[in-house]
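Subject: Structure handover and findings

Hello,

Please find the structure below, followed by notes on what was found in it.

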Amino acid sequence: MMIDTSQQQEPDRRPPQLEDTQLALLNILGDFDAEKTQLEQTQTATFNILEDFNQEKARLEDAQRALLNILDDFDVEKAKVEQANLMLQSKSAELNVANEELQRARDTLEVRVEQRTAELQQRTSELEAANRELESFSYSVSHDLRAPLRSMDGFSLALVEDYGDKLDDQAKEYLSYIRSSSQLMGRLIDDILNLSRITRAEIHLDRVDFSALAEEVAEELRRAQPERRVEFVIAPHLEALADRNLLRLVLQNLLGNAFKFTGSRPAARIEFGVTAGDEPAYFVRDNGVGFDMAYANKLFKPFQRLHSDEEFSGTGVGLASVQRIIGRLGGRVWAEGHPGEGAVFYFTLHRS
Amino acid sequence: MPDKIILLVEDNPADVTLTLRAMKRSNIANEMVVARDGVEALDYLFGTGQYAGRDVAELPVVVLLDLKLPKIDGIEVLRRIRANPVTKPLPVVVLTSSREPSDLTACYDLACNSYVRKPVDFNQFAEAVKQLGLYWLVLNEPAAAGKPP
C-alpha cells in the first residue's frame, strides 16, 4: 500500500482532530499492511517449513525402510551365524574325540617305547654278557688249549732226540705225525682267535693310501720268499676311507693267497686295482691255479679248503676273515675263477 | 754264570721240563728255582712262607713269569714285584701261551721287560729260550741296587 504523502502537506485546510484521526487511521492501515506483509512472509515460511518437513518425512521413511531392510538382513546373518556356531560346536566335539584318541595312542606309544627300550636294554646287556663270555672263552682257548699241544710237540721231539736209537723208522714217523698235527692245531687255534678278534675289534676310520699299503704287503711277501719271481702290478693313487689295520689284513690275505696259488707259475703276475663302471670294486687278480666256480660258495666259509695241505698249506680261515672284515666295513666280497686260469677277488667297502 | 739264579714261575710240570730242556739245549747252566704258583713266587722273592729267612737281597737275574697261575696270577705277581722298592728293578720276562691284547696291555702297563709267547713248535720255543738266555744272562747289565757290593 502506498501512502500519498502530499495529503499530509495540507494540515491547514482541515480541522486538527479529524486530521489526527485520519492520520492515525492511515498509520493503522500502514501497520496493517506491514502486518499483512509479515503474515504473508510467515505463511510463505510456514509453507516452506511444511515442504521441508515433508521432505524430511520422506527421508525418514526411507531411512526407516533401510533400517528394516538391515534388520531383515541381520536376522538372516544371525541365523547363518547360529548355524555356523552349531557346526563349530559339532566340529569341536569331533576334535575333542580325535584328541582323546590321539592322547590314548600317544599313551600306548609311550608304553610301547618304554617296553621296547627295556627290551633293547635287556638285549644289550645279554649281548654284553655274551661278548664277555666270548672274551673269557677266547682267553681260555688262548692260554689253556695251546699248553697241551706244546707238550705233545715237545715230548714227541724229546722221544726222537733221547730215545732215537730205540725207535724204528715207523715209530719216528708216527711221532712226526703227532708233531705236525700239534703244530697245525696250534695254527688253527691262532686263526680262530684272530677271526673272533676281527669280529670284536673296534673300527677306526681313516683315510688310507691303499696303493702304498698294497706295496708294503707285496714287499713283505717278496721278502718271505725271495727266490720266487712274482710281478706285482699295483694301481697308483688308490685311496680308501676305512680301518687301516683291517684293510692290511684284507690285503695280506688276498695278496698272500694270490702269492701262494701262483707258486707253481714260472712268471707269476698279481694285480691290485679298481674296476671301472657303476659300482667300482677293488680287485686282486692272479694267474695262479684258480678254482672251479662250482665251489665258489665254499670259498668264504671258515675252515673250508679247496686244496689239500700237501698242495697248498693253510687253515681255511683267511677268506672267512676277509669276508668278516669287508662285512664290518659295509661292503661285499666275491670271486671269479677257472681251474688253471687264475682267480679274481673283488670287494667293495661301503654300501651306497 | 752259576751264581745267577733264574726264577721260573710255571705251574705246568710239562712246561717246566720243556723249559729246562730248551735251556740245556742252549747250554744255559744257571741254577733254576721253580715256583709253581704266584704265592710261591712271592714267597721266594720276599722271603716269606716256605722261603722264610731267605736273603731277599739275593735277587734272581731274571724272572720267567707265566700268567695263568693258581692262587695269585702272573699279572698280580708282576704288580707286587713292581710295587716293592727292592724288587722293582728286577727283570721280568712274561713267558706265556697267550697274546691276548688285554694281557699284553696289562703287562706292559706294569713295566714287564719282555713279553714272549711260547710257541707250540718246540724248536721255535727252544730258539726263543736261547735268545732270552743270551740277552738276559749275557748281554743285559742288571741294576746294581739289588745286590750289596
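In chain A, 66% of the contacts with a separation of 6 or more are between residues 24 or more positions apart; two residues are in contact if their C-beta atoms, placed from the backbone, lie within 7 Å. The model is predicted, and local features need pLDDT of at least 70, side-chain atom pairs count only at pLDDT 80 or more, and totals for chains, interfaces and linings use all residues. Residues are numbered from 1 along each chain as its sequence is written, while chains are lettered from A and ligands numbered from 1 in the order in which they are written.

Chain A

Chain A has five helices and seven strands, and their order along the sequence is α-α-β-α-β-β-α-β-β-α-β-β. Helices (H or I, at least four residues) and strands (E, at least two) are DSSP runs numbered from the N terminus.

Helix α2(A), residues 169–200, packs against helix α5(A), residues 318–328, at an angle of about 5° and with the axes 9 Å apart. Axes here are lines fitted to C-alpha atoms, for helices over the stretch in contact, and angles run from 0 to 180 degrees between N-to-C directions. α2(A) and α5(A) are therefore roughly parallel to each other (under 35 degrees; over 145 counts as roughly antiparallel, 65 to 115 as roughly perpendicular and the rest as oblique). On the α2(A) side the contact is made by N194(A), L195(A), I198(A) and T199(A), and on the α5(A) side by A320(A), S321(A), R324(A) and I325(A). By class, this contact of α2(A) with α5(A) has four nonpolar, three polar and one charged residues. Ala, Val, Leu, Ile, Met, Phe, Trp, Tyr, Cys and Pro count as nonpolar, Asp, Glu, Lys and Arg as charged, and the others, Gly among them, as polar.

Among the strands of chain A, β4(A) (residues 268–274) pairs with β2(A) (residues 230–234) and with β5(A) (residues 282–286). Two strands pair if DSSP finds at least two bridges between them. β2(A) and β4(A) run parallel and are joined by five bridges, and I234(A) has F272(A) as its bridge partner in β4(A). The pairing of β4(A) with β5(A) is antiparallel, over five bridges; there, E271(A) is partnered by R285(A) of β5(A).

Contact between the chains

Chain A gives 15 residues to the contact and chain B gives 14. On the side of chain A that touches chain B, the elements that give two or more residues are α1(A) (16–163) and α2(A). The largest share of that side, twelve residues, comes from α1(A). The residues of that side divide into five nonpolar, seven polar and three charged.

Chain B

Five strands of chain B form an open sheet in the order β2-β1-β3-β4-β5, with parallel pairing. Its edge strands are β2(B) (32–35) and β5(B) (114–117), each of which pairs on one side only. On average, neighbouring strands of this sheet are turned by 20° against each other, direction ignored.

β1(B) pairs with β2(B) in the parallel sense over four bridges, with M32(B) of β2(B) as the bridge partner of I6(B).

Helix α2(B), residues 38–46, lies across β1(B) (6–9) and β2(B), at about 135° to β2(B). Its buried residues are G38(B), E40(B), A41(B), L42(B), Y44(B) and L45(B), and what covers them includes β1(B), β2(B) and α3(B) (74–83). Just after α2(B), G47(B) has a positive phi of about 65°.

The axes of α2(B) and α3(B) come within 9 Å and cross at roughly 20°. α2(B) and α3(B) are therefore roughly parallel to each other. The contact is made by G38(B), A41(B), L42(B) and L45(B) of α2(B) with G74(B), E76(B), V77(B), R80(B) and I81(B) of α3(B). These residues divide into five nonpolar, two polar and two charged.

Regards

Conventions
A residue is buried if 20 or more other C-beta atoms lie within 10 Å of its own, exposed if 12 or fewer, and partly exposed in between; C-beta atoms are placed from the backbone.
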